[in-house]
Amino acid sequence: MEGLRESEKMLRESQEAARIGSYVVDFADSSFGGSAVFNDLLGIPRKERHSLDVWPSLIHPQWRDEVVRLHGLGQHEGGRFDKEYKIIRMNDGQERWVHDVGTFQSDGQGRAVRKIGTIWDITSRKLDEQALVEAKKAAETANKAKSEFLANMSHELRTPMNGILGMTGLLLDTSLSQEQHRYAERVRESAEFLLGLLND
């Protein structure tokens with residue numbers, strides 16, 4: 001008996017440390033109850049049992065229909081329930097992301113009589129994922145803007161550069177002193193080099 005109490009204490013402390021709540025749904029009397037962490041996570045009073053009608057009201061409207069449907073499906077088909085969704089805490093209306101994992105236990109006729117599960121807060125992870133998505137979008141937008149800027153600048157610079165090359169070519173076809181010809185050639189070489197950079 002002492003060993004059992006010690007195991008229960010260790011389980012309770014582990015759940016509190018990891019912020020993982022455990023719960024049991026009883027389909028016979030349409031009620032559910034959970035650990036202290038479970039109640040705290042959902043923001044519901046720490047009493048022994050709650051009516052099953054309360055549960056859907058705690059699920060964010062965006063996920064409510066799907067979670068209720070999957071829950072009903074699990075009752076009829078048995079098996080495992082594994083879903084990430086948002087809740088709205090009862091006591092303060094705060095929105096939190098949770099990961100809910102449970103198994104349905106059936107009677108001799110294959111009907112689910114209860115669901116045993118765990119639920120934990122994954123809000124921090126979801127916010128990190130959202131921040132990464134937004135950062136990726138911002139980087140893609142910045143890259144697009146940079147590419148458009150470079151394309152525009154390349155076009156704007158290429159036009160006068162072609163003008164310089166054309167006029168330098170015309171200048172080289174005129175009568176120039178040897179020194180003037182050397183200078184004009186340098187201008188053309190430099191312009192061709194810059195045009196090559198622009199094209200790259």
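Let's start with Thr123. Thr123 sits in helix H5, which covers residues 123–172. Bear in mind that this is a predicted model.

Is Thr123 buried or exposed? Its relative accessibility is 7%, and the cut-off for buried is under 20%, so Thr123 counts as buried. What does its side chain pair with? The side chain of Asp121, in a polar contact at 2.6 Å. Set aside residues up to four places away in sequence, and Thr123 touches Arg96 and Trp97.

Trp97 takes us to the strands. Trp97 belongs to S5, and Lys86 stands opposite. S4 and S5 run antiparallel, joined by 10 bridges. Together they make a hairpin, with 6 residues between the two strands. Look at Gly93 in that turn: its phi is positive, about 70 degrees.

Now the core. The largest nonpolar core holds 23 residues. Which residues have the most contacts inside it? Val25, Phe32, Phe38, Trp55, Tyr85 and Ile119.

Last stop, Phe32. Leave out its neighbours within four places in sequence. Phe32 is then in contact with Val25, Phe38 and Trp55, among others. The list also includes Val24, Ile44, Leu52 and Val54. Glu48, Arg49, His50 and Ser51 are on it too.

That's the tour. Over to you.

Note on methods:
Residues are numbered from 1 along each chain as its sequence is written. This is a predicted model: local features need pLDDT of at least 70, side-chain atom pairs count only at pLDDT 80 or more; totals for chains, interfaces and linings use all residues. Side-chain values use heavy atoms; hydrogens and water are left out. A nonpolar core is a set of buried Ala, Val, Leu, Ile, Met, Phe, Trp, Tyr and Cys residues joined through side-chain atoms within 4.5 Å. Buried means under 20% relative accessible area, exposed over 50%, partly exposed in between (1.4 Å probe, protein chains only). Contact means heavy atoms within 4.5 Å. Two strands pair if DSSP finds at least two bridges between them. Helices (H or I, at least four residues) and strands (E, at least two) are DSSP runs, numbered from the N terminus. A polar contact is a pair of N or O atoms within 3.5 Å; within protein, one must be able to donate a hydrogen and the other to accept it, and residues adjacent in sequence count only if both atoms are side-chain atoms.
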